[in-house]
Amino acid sequence: MIRKDARVLLEVKGLHAKVGGTGIVKGLDLTVRAGEVHAIMGPNGSGKSTFAKALAGHPAYQVTAGTVTFEGKNLFEMAPEQRARAGLFLGFQYPVEIPGVSNSAFLRLAYNTMQAARGRDELDPLEFDDFAREKMKLLEMDPAFLDRSVNEGFSGGEKKRNEILQMALLEPRLAILDETDSGLDIDALRVVANGVNRLVTPDNAVVLVTHYQRMLNYIVPDYVHVMGGGRIIRTGGKELALELETRGYDRVKAA
Amino acid sequence: MTTVVAKHPYIDSLLKGYEMPRSGISWLNERRAQALERVNALTVPTTRDEEWRFTDISPLTKVAFRPAAATPRLALADIEGQLVPEAATRLVFVNGVYAPDLSVSTGLPEGVIVGSLAAAINTHAGVIQPHLARHASFEGEVFSALNTTCLRDGAFIWVARNQKCPTPVQLLFVSTQGETAAFPRCLVIAEAGAECTLIEDYVGFGDAVYFNNAVTEVVVGEGARVRHVRVQRETGGAFHIASCAAVLATDARYASHTVTLGARISRFNLDVLQEGEGVEVKMDGLALIAGRQLADTHTLMDHARARGRCQQLHKCIVGGAGHAVFNGKILVRPGAQLTDSSQQGRCLLLSDKAHVDVKPQLEIFADDVKCAHGAAIGQLDAEQLFYLKSRGLSDTRARNLLTYAFAAEVIDRIPVPSLVEQLERTVLAQTQAVS
């Protein structure tokens, strides 16, 4: 939902980022306001995922120039955990397996950390269990996933559901979902997309990073940005995604 | 009464004032005399000895220890925090001396005896004589020889044929007194088809600097099953040098869970001897140390007969300037065909000064066997750390959680739920302290 008077959540100006000494993001500008859904699309290597990880503060991704303000604060002065507590969420393309840490303990720890940061009450294990089960219904997840180690032995689709479950629990201001659609079959895609749709409110925003248009059939973006060579080279409405689908990235880039 | 005199000046100083225990039992006196002979022939090991090359015990020799004097009286309240609720039966030793008033050994079914070794030597000599000081070799081990020389009392567990000890037995060795040396001794005999779970637990109070020199012998009869949990949580200044010898008859099952948390310097030798065919062994170890602690675990799985199976997982978590040693030997003797033995050593270094020496040793003299070993030494996984931090967890919290998870793999397999819980809390507290 586009409202010109809506609060600016994220303001990216002239961002440059590199990984392993190679510059990947080269002068990216983006403004995201509350209530908006953005899709960032682009071919492999265009810098989409690097942008997402640099925003979340992954230590392997180095920001070399540019500014990012998140809710008016300089994002790069914040450690990754501070960014998370301020309401920035990254849905991982490849969620990490953590053997030996139960999913329920991990989710509760994350949830309570966020509650504490917001000055709200924490939940004890029993209360949290009920709360988490309720949220899992949204994603049609089996509660048995609470008792397993974090992402360990989860299928691709289960891992992505677990990511969106975290989004549902942590209620971020801005969720960047990195290739959340990859590895999902069509049913899982619908479930995950429905979950995301129900989490979008006028106060938060979602940035979908995706290679393909298909998720945008379910989560309709307000803006579609096309990346190429580490920058946003075109911005349009949802119809731009369809154009990409039919004409391909090369033609659109050339246009 | 005669005082024991050893030739080596340091060992002699350890024995100074120690009276040769007098029992009217000649076989026992003879074994002690043999042990003293070895004590005199051997010397305090140094890093020049292959078996001690990573472990410098010279700090031990700089402290003069004397035998524990009159035992301070402890009340039940003093040890309550150390008791394992599932263990309806327990023997408590304070500074190496049996404390009957703190122990509970009643209510056991017929055919199960848990009690002081000194008492049992008189009543059950026929059961004890073939085993006591027979399995823990003191031929080349000065500390086992020393313990045997000083053998006076200890813990005795006997489970008769096809009997089952209904609840775990806790053997609690509490140390309270500085500058004392104690020589704890345990003998566990599970006859054919018997079952028991044993918790051997060493606890230090305060910051006392003392020396525990322990020896345990475990006899697992044909088709018998013993689960042996060993927890070493001595004070940070203590010295703990111990060995355990387990001998397994045909189709015996033995599971060992060793957790090392305490002591300034500790050394534990676990020797498992497969005397019969078709045994099943599980050996889990965890050493979690920091500061200037040194923890050395030497294990030997001796497949002397065919069709033995052994799975071993040993983990070390080392913080500060700690130093962990793991030497795991698998020996497959000629004729021990169809042996299936595997060993995993995994170490986590939490600081730049942390140090670990891992030495897997496979000696295989049979040709139709399956043996595998792996050793990995590393730091916390950067991707896992970032994942946790991206969900709001602080760096410290994320590190602690991952360290804890690393330890939990070993702890979770301990067959005593309250001990699992207790150790998990200890590990959490300790990982918070070291990182």
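## Two chains and where they meet

Let's start at the interface: 17 residues of chain B are in contact with 21 residues of chain A, where contact means that two C-beta atoms, placed from the backbone, lie within 7 Å. On the chain B side, the elements that give two or more residues are α8 (382-389) and α9 (395-411). Helices here are DSSP runs of H or I with at least four residues, strands are runs of E with at least two, and both are numbered from the N terminus. Sorted by class, that side of chain B has eight nonpolar, four polar and five charged residues. For the classes, Ala, Val, Leu, Ile, Met, Phe, Trp, Tyr, Cys and Pro count as nonpolar, Asp, Glu, Lys and Arg as charged, and the others, Gly among them, as polar.

A word on what you're looking at. This is a predicted model, in which local features need pLDDT of at least 70, side-chain atom pairs count only at pLDDT 80 or more, and totals for chains, interfaces and linings use all residues. Residues are numbered from 1 along each chain as its sequence is written, while chains are lettered from A and ligands numbered from 1 in the order in which they are written.

Back to α8(B), then. Six of its eight residues are buried, so the helix is largely enclosed by the rest of the structure; buried means 20 or more other C-beta atoms within 10 Å of a residue's own, with C-beta atoms placed from the backbone. The six are Gln384(B), Leu385(B), Phe386(B), Tyr387(B), Leu388(B) and Lys389(B). What do the buried residues of α8(B) pack against? They pack against α2 (80-85) and β7 (98-102) of chain A, together with α9 of chain B.

How do the two helices α8(B) and α9(B) sit against each other? They pack at an angle of about 125°, with their axes 9 Å apart. That makes α8(B) oblique to α9(B). The axes are lines fitted to C-alpha atoms, for helices over the stretch in contact, and angles run from 0 to 180 degrees between N-to-C directions. As for the naming, angles under 35 degrees count as roughly parallel, over 145 as roughly antiparallel, 65 to 115 as roughly perpendicular and the rest as oblique. The crossing of α8(B) past α9(B) is right-handed, that is, the near helix is turned clockwise from the far one by less than a right angle. From α8(B), Gln384(B), Leu385(B), Leu388(B) and Lys389(B) meet Asp395(B), Ala398(B), Arg399(B), Leu401(B) and Leu402(B) in α9(B). By class, this contact has five nonpolar, one polar and three charged residues.

Now for the rest of chain B. There are 10 helices and 21 strands in it, and its C-alpha atoms fill a box of roughly 70 × 50 × 50 Å along the principal axes. A compact globule of 435 residues would have a radius of gyration near 22 Å, and the 21 Å of chain B agrees with that; the radius is taken over C-alpha atoms, and the globule rule is 2.2 Å times the number of residues to the power 0.38. Buried residues make up 52% of chain B. Of its contacts with a separation of 6 or more, 82% are between residues 24 or more positions apart.

Two spots show what being buried looks like here. Helix α7 (residues 142-149) of chain B has eight of its eight residues buried, and what covers them includes α1 (9-15), α2 (26-41), β8 (185-190), β10 (211-220) and β12 (239-248) of chain B. Then there is Ser341(B), found in strand β19 (residues 340-349) of chain B. Why does Ser341(B) count as buried? Because 24 other C-beta atoms lie within 10 Å. Leaving aside neighbours within four places in sequence, Ser341(B) is in contact with Met301(B), His303(B), Gly308(B), Cys310(B), Ile330(B), Val332(B) and Cys371(B). His303(B) is 38 residues away along the chain, yet the two C-alpha atoms are separated by 8.9 Å.

Over to chain A, which has seven helices and 12 strands. Its C-alpha atoms fill a box of roughly 55 × 40 × 40 Å along the principal axes, and 44% of its 255 residues count as buried. Helix α3 (residues 103-117) and helix α5 (residues 156-170) of chain A pack at an angle of about 30°, with their axes 10 Å apart. That makes α3(A) roughly parallel to α5(A). Leu107(A), Ala110(A), Tyr111(A) and Met114(A) of α3(A) make the contact with Gln166(A), Leu169(A) and Leu170(A) of α5(A). This contact has six nonpolar, one polar and no charged residues.

Conventions:
A residue is buried if 20 or more other C-beta atoms lie within 10 Å of its own, exposed if 12 or fewer, and partly exposed in between; C-beta atoms are placed from the backbone.
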